[in-house]
Amino acid sequence: MYVCLCVGATNQMVSDAVAAGASTSKEVAAMCGAGGDCGRCRCTVRGIIEATLAAAPTAPANGSLRHLALDITPVGSH
Ligand code: FES
């Protein structure tokens, strides 16, 4: 669904920007353009940011990356 008619940004583009690290409407605008022109969509953009962050797994408060599971296969092993 289109969220921002000024730049033709969709809700998926906004969610992707949040998944890539954006957490404010300004950061989303910098990444995909949504909300960076007339601003009429910023309330919707903020709603998508909140929903995307609420649905994402939470990181520990100490910033540790130990919660991330890595699937690493050594090169040349079969
Ligand atoms: S509708 Fe999104 S900036 Fe104008």
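Helices (H or I, at least four residues) and strands (E, at least two) are DSSP runs here, numbered from the N terminus. This is a predicted model, so local features need pLDDT of at least 70, side-chain atom pairs count only at pLDDT 80 or more, and totals for chains, interfaces and linings use all residues. Residue numbers start from 1 along each chain as its sequence is written.

**View 1**
Of the 78 residues in the protein chain, 24% are buried (20 or more other C-beta atoms within 10 Å of the residue's own; 12 or fewer is exposed, in between is partly exposed, and C-beta atoms are placed from the backbone). Take the contacts (C-beta atoms, placed from the backbone, within 7 Å) between residues at least 6 apart in sequence: 42% of them join residues at least 24 apart.

**View 2. The largest nonpolar core has 15 residues.**
A nonpolar core is a set of buried Ala, Val, Leu, Ile, Met, Phe, Trp, Tyr and Cys residues joined through C-beta atoms within 7 Å. Val3, Val14, Val28, Ala34 and Val45 have the most contacts inside this one. At least two core residues come from each of strand S1 (2–4), helix H1 (11–19), helix H2 (25–32) and helix H3 (42–55). Zoom in on Val14: leaving aside neighbours within four places in sequence, Val14 touches Val3, Ala9, Val28, Cys32, Ala34, Val45 and Ile48.

**View 3. H1 has Val14, Ser15, Ala17 and Val18 as its buried residues.**
These four sit on the same side of H1, because they cover an arc of only 155° around the axis (the arc is that of the directions from the helix axis to the C-beta atoms). Just past the end of H1, Gly21 takes a positive phi of about 125°.

**View 4. The axes of H1 and H2 cross at roughly 110° and come within 9 Å.**
Axes are lines fitted to C-alpha atoms, for helices over the stretch in contact, with angles running from 0 to 180 degrees between N-to-C directions. H1 and H2 are therefore roughly perpendicular to each other (65 to 115 degrees; under 35 is roughly parallel, over 145 roughly antiparallel, and the rest oblique). Met13, Val14, Ala17 and Val18 of H1 meet Val28, Met31 and Cys32 of H2. By class, that's seven nonpolar, no polar and no charged residues (Ala, Val, Leu, Ile, Met, Phe, Trp, Tyr, Cys and Pro count as nonpolar, Asp, Glu, Lys and Arg as charged, and the others, Gly among them, as polar).

**View 5. H2 keeps Ser25, Val28, Ala29 and Cys32 buried.**
Their arc around the axis is only 100°, which puts them on the same side of H2. S2, H1 and H3 are among the elements covering them. Just after H2 comes Gly33, with a positive phi of about 95°.

**View 6. Thr24 sits in the loop between H1 and H2.**
Thr24 counts as partly exposed because 13 other C-beta atoms lie within 10 Å. Arg42 is 18 residues away along the chain, with 9.9 Å between its C-alpha atom and that of Thr24.

How values were computed:
Two residues are in contact if their C-beta atoms, placed from the backbone, lie within 7 Å.
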